[in-house]
Amino acid sequence: AALLVGTLALVSNYMVRGIGGMATSLRQIGMFLLNKAPAGLIDLFNDKPGSGTKTWMRFGMGWFFMACFGMFLGIWHRYDPTALNSLSSVGWSYDDGSMLTDYTAIFFSTAMNYLLIGAALIAISRSSKGRLASEASASMVAVLLTASTIGVLLLPAIFSFITLENEANLLETLQNISLLLVSSMLHIALFINVLITIGEREHDDLSPTTWFLVLALVAKIMGMLLIFFGELAGSTQTVWMAERVVSGWVPLALIFAAAYHIIPFTAGKPVWSESMQKTSMLFLFITVPPFFLSSADGGELLQNVGAILMTIGLLPLLAGSFNMVATAASNPERIVKSPGAFAATVAMMLLPIYAVGGFFTGMDTFVGMDKLGSMAHTVDTGFTSTVGSLMMLAVIFTSYPLAARKKLAKASNAQLAVWLTLIGGVASTISA
C-alpha cells in the first residue's frame, strides 16, 4: 500500500514541479521509444492528429457492441436454457452460461477502458497542440491490447485440443501473463505518450481530466504488476488490495476523467467547485471503493481499517458527482440538447445511488457475513451496465465527434439510446 500511494504521490509531485534539466533528454528518449519501437510495426500506423484517439474509441465501440450482444445472449439463455441448442448441428455446445457471463464481463471492462481512456486522450490532445505526442504509438497500443485480450479469450479453446500435465495451472499462468504483464507493458507505453503530451500543453494548469487519467494509468499499471507478482509470491493480501485498485480506483477515475471534460465542455462553464474536485481526486486514491468487493479475511484490525476506508470512500464519489451535476445545472439547456452531456449528467446523478447501495451490500460481503445474498453482485452489475454504459454513450456521442471533427448523424437517435439505457438499467437493477 505504501509503495502504491508513494508512487502516486511522486508522479503527482513531478507533474506539478517538473523534472528540471532532465526534461529535454527524457522527452527525446521517450519520443524515440514511441516512434521507433518496435521497429517496422509502428510504421504501419497513421500519425495524423486525432488518429490515435479515434482508434481507441473505435475499438471501444467494437468491444461495447460485443458486451451488449453477450449480455443479450446471457439474458436469453437464462429465460430459455434450450434456446441455442439448435446450434449444436454446427459444433456449438452451450454450457450453463457461466463462460458467456465471464466473457461478457471482460468485454464490458475492455470497452470501458478503451472508450473512457479515448475520451481523456482527446481532452488532453486538445490542450496540447491538438494531437498526442505520438498518434501512431497510441493506435499501435490499442491494436496490441485488443490482440492480447483476444488471445486470452482463445486460450481455453486452444487448450481443449491438447493434453498436458498441470493443464489448469499452465492455462492460468498464461492468462495472467497475457492479461496482466503484457497489458501493463502496453499501458506503460500509453503512459509515456500521455506524459510527453502533457509536457507540450499550451497552459501551465493541469485539467481535472489530465489528473484523473494520469493517476488512473499509474494505478492500473501498479495494480496489474502487484497482482502478477502477488500471485507468484502467494501473497493473498497483496492480490486482494491490487484487485480493489484495478476494479475500483481505475474505472471510477476514468469515469470522472471523461465526465470532467464532457460536462464542462458542453455547458461552456468551468467546474463548479475546485475544492470538491480536489476532494474527489485525493480521497478516491486512498480509500476502498464500494464496488466489486470480495471477502477480506485479514484479522479484526485490518477489517476495521478497511471498513473505515470504505466508509470514507463514499466521500469522493458523492463530491465528484455533485460537482458535475452542479456544473451541468449552470447551463441546463445545452446539456439537455447534447445527448453525450445528458448521458454523462444522468450517470453522475445515478452514481451516488449505486455508491450508497454498494456500500451497504459491499460491507456485508467485505466482512464475510453474506446475509444479503447476491445483492452486492446485483448492485455491481447495475453500476457497470447503467452508469458505465451511460458514460460510454457520453463518450461516443460527444468525444468521438470531437476527434472525428464531425457532428452526430441523428441526435434524436442518440437521445433515444440514452433514455433506453437509463430506463433499462435502473429497472433491471430494481427488479433484480
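Val5 is found in helix α1, where helices (H or I, at least four residues) and strands (E, at least two) are DSSP runs numbered from the N terminus. With a relative accessible area of 36%, Val5 is partly exposed; buried means under 20% relative accessible area, exposed over 50%, and partly exposed in between (1.4 Å probe, protein chains only). The C-alpha atoms of Val5 and Arg58 are separated by 33 Å, the two residues being 53 apart along the chain. The model is predicted: local features need pLDDT of at least 70 and side-chain atom pairs count only at pLDDT 80 or more, while totals for chains, interfaces and linings use all residues. Residues are numbered from 1 along each chain as its sequence is written, and side-chain values use heavy atoms, with hydrogens and water left out.

**Overall fold**

- The protein chain contains 15 helices and zero strands.
- For 432 residues, a compact globule would have a radius of gyration near 22 Å, and the 21 Å of the protein chain agrees with this; the radius is taken over C-alpha atoms, and the globule rule is 2.2 Å times the number of residues to the power 0.38.
- Along the principal axes, the C-alpha atoms fill a box of roughly 60 × 55 × 50 Å.
- Of the 432 residues in the protein chain, 50% are buried.
- The accessible surface comes to about 20700 Å², and 67% of it belongs to carbon and sulfur atoms; accessible areas come from the Shrake-Rupley method with a 1.4 Å probe, and for residues only the protein chains shown count as cover.
- Among contacts (heavy atoms within 4.5 Å) between residues at least 6 apart in sequence, 84% join residues at least 24 apart.

**Nonpolar cores**

- A nonpolar core is a set of buried Ala, Val, Leu, Ile, Met, Phe, Trp, Tyr and Cys residues joined through side-chain atoms within 4.5 Å.
- The largest nonpolar core has 108 residues, of which Trp56, Val194, Leu213, Phe291, Met348 and Met391 touch the most other members.
- Helix α8 (residues 236–267) provides the largest share of this core, 16 residues.
- A second, separate core of six residues includes Leu180, Leu226, Ile227 and Phe228.
- Leaving aside neighbours within four places in sequence, Leu213 is in contact with Ile117, Ala120, Leu121, Ile124, Val194, Leu254 and Ala257.

- Trp63 lies in helix α3 (residues 51–79) and counts as buried at 8% relative accessibility.
- Beyond its neighbours within four places in sequence, Trp63 has contacts that include Phe107, Tyr114, Thr146 and Leu153.
- From C-alpha to C-alpha, Trp63 and Ser109 are 8.9 Å apart in space, although 46 residues apart in sequence.
- Ser389 is found in helix α14 (residues 375–404) and, at 5% relative accessibility, counts as buried.
- Apart from neighbours within four places in sequence, Ser389 is in contact with Phe64, Phe108, Thr384 and Thr421.

- Leu10, Tyr14, Ile19, Leu26, Ile29, Phe32 and Leu33 make a nonpolar surface patch of about 680 Å².
- Patches are made of residues with over 30% relative accessible area and no salt bridge: like charges are joined within 9 Å, and nonpolar side chains (Val, Leu, Ile, Met, Phe, Trp, Tyr) within 5 Å.
- Both α1 (2–17) and α2 (23–36) supply at least two residues of the patch, and the largest share, four residues, comes from α2.
- Leu10, one of the patch residues, is found in helix α1.

**Salt bridge**

- The count comes to one salt bridge, defined as a side-chain nitrogen of Lys or Arg within 4 Å of a carboxyl oxygen of Asp or Glu.
- Arg131 forms a salt bridge with Asp47, and their closest N and O atoms are 3.1 Å apart.
- Arg131 lies in the loop between α4 (98–126) and α5 (135–159) and Asp47 in the loop between α2 and α3, so the pair ties together parts that are 84 residues apart in sequence.
- Asp47 counts as partly exposed, at 33% relative accessibility.

**Positive phi angles in loops**

- Phe292, although not a glycine, has a positive phi of about 55°.
- Phe292 is placed in the loop between α9 (274–284) and α10 (300–312) and is partly exposed, with a relative accessible area of 30%.
- Arg405, also a residue other than glycine, has a positive phi near 60°.
- The place of Arg405 is in the loop between α14 and α15 (411–431), and at 63% relative accessibility Arg405 counts as exposed.
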